[in-house]
Amino acid sequence: MSASFSDLEFVQFHPTVMYLGADSTGQQPLISEAVRGEGAFLVDGLPEEGGTRFMQGVHELADLAPRDVVAKAIMRRMLETGKPHMWLDARHLGAKFWERRFPTILGVCRSYGIDPATQLIPVAPACHYVSGGVRTDLHGRSDVPGLYATGEVACSGVHGANRLASNSLLEGLVFSRRIAQVLPDELRPWADPAVDTRTEGLVPGAARAEIQEVMSSRVGVLRNAPGLAEAAEMLDAIGTRSADLVDLNAWETTNLLTVAEALTEAARGREETRGSHWRDDFPDRNDATWAGHFDTVMNDGVAEIAFVAAPATDGVHA
Ligand SMILES: Cc1cc2nc3c(=O)[nH]c(=O)nc-3n(C[C@H](O)[C@H](O)[C@H](O)COP(=O)(O)OP(=O)(O)OC[C@H]3O[C@@H](n4cnc5c(N)ncnc54)[C@H](O)[C@@H]3O)c2cc1C
């Protein structure tokens, strides 16, 4: 039996993550939105050399526009200019203000050789939170008897189509506690889980960077039908490659590919804009057709995806 996944297309992006270069891996430092709250602004180049404040005219709140709007505008400007990132100009705040108000961010920037009191900070949008995941009930039970999920890996439904700041830590605490409460009554010797022991059909671990590139450029902040179709094709092509070495890296990359394919299918299917899922070609929310969830079930290693309409009280309407 295989667990179901829901809402994979709802991925939240943080607009301003420090850009450390195309080869950087792992979690990148966040430049808090509070820095813009204190007067920093986004530019597409050094203002002294003709760089413009591109958020002006995009939204009435300019640099203080909602997170999704800013992430989208940065990405658009990156595509228009061909630059891998934009910049945050917070030089006018001055060294003393930086030291007092944002000592941690200042320290991180300096540790990467950028002094925000005298230099622009390179920033780009980055994946921040995945609202979808293993579908659970309100006590963390998945569809597989004995398999419970809590935290970011789970999709308990509490985030709807877009997580509000800080709710993920609360979700982890609440649902972990709920699982702990029901577990003593539910523990029993479960049937052995079906273990996938295949030694063939895994993609090479080296394909990971390629999958990441496909997802960032076509299934990220800005989505549209041609880009998503291209992504699906590229992921399909990666799936035809075979790993010479069956190791942890190959397994992880194969799993990433599975999730990437399911996420892309859900994003292709949802022809509307809702929560953290933005479609350039379908900019409006469409409750009449798309109030519901895309559910993915793995069948013999193949992801099968189906849309399930939700009752009007469901969180996805939020
Ligand atoms: C930069 C940033 C800032 C954030 N700020 C906030 C915030 O202010 N407030 C808020 O509520 N949320 C915030 N979030 C989101 C929040 O941090 C995450 O949703 C939360 O930490 C998820 O916790 P978790 O325990 O579910 O998963 P994780 O913290 O990802 O823990 C999963 C663990 O499982 C381990 N693991 C993975 N695979 C395996 C395996 N195969 N075998 C064994 N172990 C494995 C991993 O190493 C990891 O330790 C932020 C996220 C980011 C990226």
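Domain bounds are those of an automatic or database domain assignment. On this basis the chain is divided into domain 1 (12-126) and domain 2 (199-288), and the C-alpha centres of the two domains lie 27 Å apart. The model is a predicted one, in which local features need pLDDT of at least 70 and side-chain atom pairs count only at pLDDT 80 or more, while totals for chains, interfaces and linings use all residues. Residues are numbered from 1 along each chain as its sequence is written.

Contact between the domains, defined by C-beta atoms placed from the backbone and lying within 7 Å, involves 8 residues of domain 1 and 5 residues of domain 2. On the side of domain 1 that touches domain 2, strand 2 (11-18) and helix 2 (67-81) each supply at least two residues; helices (H or I, at least four residues) and strands (E, at least two) are DSSP runs numbered from the N terminus. Helix 2 gives the most to this side, with 5 residues. By class, this side has 4 nonpolar, 1 polar and 3 charged residues, where Ala, Val, Leu, Ile, Met, Phe, Trp, Tyr, Cys and Pro count as nonpolar, Asp, Glu, Lys and Arg as charged, and the others, Gly among them, as polar.

Overall, the secondary structure of the chain comes to 9 helices and 9 strands. The radius of gyration, taken over C-alpha atoms, is 21 Å, close to the 20 Å that the globule rule gives for 318 residues, so the chain is as compact as a globular protein of that length. The rule is 2.2 Å times the number of residues to the power 0.38. Of the 318 residues, 35% count as buried, that is, with 20 or more other C-beta atoms within 10 Å of their own; exposed means 12 or fewer, and partly exposed in between, with C-beta atoms placed from the backbone.

Asp 7, in the loop between strand 1 (4-6) and strand 2, has a positive phi of about 60 degrees although it is not a glycine. Asp 7 counts as buried because it has 28 C-beta neighbours inside 10 Å.

Notes. Two residues are in contact if their C-beta atoms, placed from the backbone, lie within 7 Å.
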